[in-house]
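Thanks for coming, everyone. Please have a look at the structure on the screen, and then I will walk you through it.

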Amino acid sequence: MQELNNINDLIAGCCRKERSSQEALYRNFFGYGLSICLRYAQNREEAVEIMNDGFLKIFQHIQSFDTSRSFKTWLAKIMVNTSIDFLRSKKKLVFVDDISQVPEPGTDEKIIDKLSYEELLKHVQLLPPAYRTVFNLYIMEGYQHQEIAAMLRISEGTSKSNLFKAKKILKERITKASMSTSDGVDVNMPLYKNE
């Protein structure tokens, strides 16, 4: 594995369409790219498909990357946008709610603290795609509702509503899962069916 401090050399090689540089860049950022796509995808296979599409876009537009900026930030943005494009193309992003005032659901931090990243990821992947996308953009990527609304072509109220519902579903699932583990009940049984 090439050192990440050679990133500018790898990028220069990718600009020259050198296969070895493209492969090295892919290997170096495979895990990072996949971790982003997994948050938006319903499963690993879908995430790998999205990630590969994202890397294709990276290689096609690598000349536009500003080497004075962080490559990881640029890659993350491409992976997020590719994830949104994928969900849109599969007609999975359906937004219907628009409310202006949404209360914040309370969370039981003790329950969330007991979850591993993988367990939390499974719960997020079971959310309906529209809720999952807004949740990830707001919580994981740090976008504000105004930015999310522009990215997804929805109103700010719809973004807030979808975030509220995503948090509510997650809280219910996590609470149910934490109670079920001691009862021997299958915690992988979804509370809500994906669209």
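This is a predicted model: local features need pLDDT of at least 70, side-chain atom pairs count only at pLDDT 80 or more; totals for chains, interfaces and linings use all residues.

How many helices and strands does the protein chain have? The count is 9 helices and 0 strands. Walk along the sequence and you read α-α-α-α-α-α-α-α-α. The chain has 195 residues, and 42% of them count as buried. Its accessible surface is about 11,000 Å². Carbon and sulfur atoms account for 52% of that surface.

Now contacts. Take the contacts between residues at least 6 apart in sequence. Of these, 69% join residues at least 24 apart.

Helix α1 covers residues 7-15, and helix α2 covers residues 19-40. Their axes come within 8 Å of each other. They cross at roughly 135 degrees. The crossing is left-handed. Who makes the contact? From α1 we have I7, L10, G13 and C14. From α2 we have S21, Q22, A24, L25, N28 and F29. Sort the residues of this contact and you get 6 nonpolar, 4 polar and no charged.

Stay here for a moment, and look at the loop between α1 and α2. K17 sits in that loop. Its phi is near 60 degrees, which is a positive value, and K17 is not a glycine. Buried or exposed? K17 has a relative accessible area of 55%. The cut-off for exposed is over 50%, so K17 is exposed.

R153 lies in the loop between α8, residues 145-152, and α9, residues 156-183. R153 is not a glycine, yet it has a positive phi of about 60 degrees. With 66% relative accessibility, R153 counts as exposed.

On to another helix pair. Helix α3 runs over residues 44-60, and helix α4 over residues 71-89. Their axes are 9 Å apart, and the packing angle is about 125 degrees. That angle makes α3 oblique to α4. The handedness here is right-handed. The α3 side of the contact includes E46, E49, I50, M51 and F55. On the α4 side, the list includes F71, W74, L75, I78 and F86. Altogether, the residues of this contact divide into 10 nonpolar, 3 polar and 5 charged. Recall the pair α1 and α2, where the contact had no charged residues.

Last stop: L121. Where does L121 lie? It is in helix α6, residues 117-125. Now consider N43. N43 and L121 are 78 residues apart in sequence. In space, their C-alpha atoms are 10.0 Å apart.

To recap: the chain has 9 helices and 0 strands.

Terms used
Residues are numbered from 1 along each chain as its sequence is written. Side-chain values use heavy atoms; hydrogens and water are left out. Helices (H or I, at least four residues) and strands (E, at least two) are DSSP runs, numbered from the N terminus. Buried means under 20% relative accessible area, exposed over 50%, partly exposed in between (1.4 Å probe, protein chains only). Contact means heavy atoms within 4.5 Å. Accessible areas come from the Shrake-Rupley method with a 1.4 Å probe; for residues, only the protein chains shown count as cover. Axes are lines fitted to C-alpha atoms, for helices over the stretch in contact, and angles run from 0 to 180 degrees between N-to-C directions. Angles under 35 degrees count as roughly parallel, over 145 as roughly antiparallel, 65 to 115 as roughly perpendicular and the rest as oblique. A crossing is left-handed if the near helix is turned anticlockwise from the far one by less than a right angle, and right-handed if clockwise. Ala, Val, Leu, Ile, Met, Phe, Trp, Tyr, Cys and Pro count as nonpolar, Asp, Glu, Lys and Arg as charged, and the others, Gly among them, as polar.
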